[in-house]
Each structure stands twice: as C-alpha cells, then as structure tokens.
Amino acid sequence: MISTKEWISRNIRDGDKINSETYQSIADFCVMWALFEGTELHGFDVAVDELKNVSNRVAYSIQDIDILLAFWVNRYTSESTTNEKFEQLNLSHQPHKDLVSQVLLGAEKNREKVTHALLLIVYRLRNNLFHGVKDITQISGQISNLTTASALLKNVLLASGRYIFLNQE
C-alpha cells in the first residue's frame, strides 16, 4: 500500500511539488487539531463558540503566548493595520474579526482575549485547510503558519491538562 504522500504525488495535479516539510507541517497540524478537538471541544455542537471557554480556562497557564502572538502579528499586520493575509483568514463573524484585529494591533492585551484571538486564527486555518479554501498544492507558504498553529495547540493541551493521553510520572 502506498503512503498518502505518494498517493497525492501520483494522483493530484502538481502533487509531486509538495515537499516533505510541507507535508509534515500539514500532518502535524491535523494530528494536533484532532487531539485538541477531541479533548477540548468534544461534545459541543458549535466548536468555535467553545474556543472562548477554552481560552478562559488556559490563558494564565499557557506557555509562549507572546512568541506565538508575535508570529501572527508579523504575518497578519503591516504598517499598524491588518493586511491582505489577515483578510484571507475569512473571519466572517464580525465580533471575532474585531477581536483578532484588536489583539494583533496591540489594542487588546487581556490574556484571555489574546488566547481566544489566537485560537480563532487557528480555527480559521483549520477551516481553510479542511474545507478547501487552500489548494493543497499551493500550501507551501503555510508551513510556518501551520507549525505555529500546532505549537499553540500543544501549549493549550499542556495548560489544560485535559487531554486523554496525559503521560506524567
């Protein structure tokens, strides 16, 4: 049986252009999202609505939030305003769009709201990836984005302590 990567290479137009680093960042993000969704969002009809509760629960114990925020500030803002990449997140719910914008522009510094805004970014990356807004053959520019999203999800799971695969002595 051939690997998924090989199958994509053989069957998707330009699939052979997906390098190992891109493929790995997609795979890592998908696994981390599955763990996050299964433990933090399990049983909720509208996952995006639960992100605020997750944020409130983990905001003060999450690690590296400033580093993760700095990455997305650099990616989604320029010259003290949000940029085209920010618009491509497709934040359609105006209160969410406003919150993420305020956090990225430094107008909102409350740790719970910052965590919520970053989880909203990750949620949009997930939706864009899973629901086809991103052409898989054009995703190589998303490696650092997906890697940072995976790092946030790891940190949320560690801060929450609710994940089912807790491996502590």
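This is a predicted model: local features need pLDDT of at least 70, side-chain atom pairs count only at pLDDT 80 or more; totals for chains, interfaces and linings use all residues.
Why does N128 count as buried? I will come back to that after some ground rules.

Residues are numbered from 1 along each chain as its sequence is written, and side-chain values use heavy atoms, with hydrogens and water left out.

The chain has a mean pLDDT of 89, with 91% of its residues at 70 or more.

Now N128. Its place is in helix α7; helices are DSSP runs of H or I, at least four residues, numbered from the N terminus. N128 counts as buried because its relative accessibility is 0%, and buried means under 20% relative accessible area with a 1.4 Å probe, protein chains only. A polar atom of the N128 side chain lies 3.3 Å from the backbone oxygen of Q88.

Next, the largest nonpolar core, which has 41 residues. Such a core is a set of buried Ala, Val, Leu, Ile, Met, Phe, Trp, Tyr and Cys residues joined through side-chain atoms within 4.5 Å. Helix α7 gives this core its largest share, 10 residues. L152 is among the residues with the most contacts inside the core. Beyond its neighbours within four places in sequence, L152 is in contact (heavy atoms within 4.5 Å) with residues including W72, L118 and V122.

Last, helix α2. Its buried residues include I26, F29, W33 and F36. What covers the buried residues of α2 includes α3, α7 and α8.

Key:
pLDDT is the predictor's confidence in each residue, from 0 to 100. Buried means under 20% relative accessible area, exposed over 50%, partly exposed in between (1.4 Å probe, protein chains only). Helices (H or I, at least four residues) and strands (E, at least two) are DSSP runs, numbered from the N terminus. A polar contact is a pair of N or O atoms within 3.5 Å; within protein, one must be able to donate a hydrogen and the other to accept it, and residues adjacent in sequence count only if both atoms are side-chain atoms.
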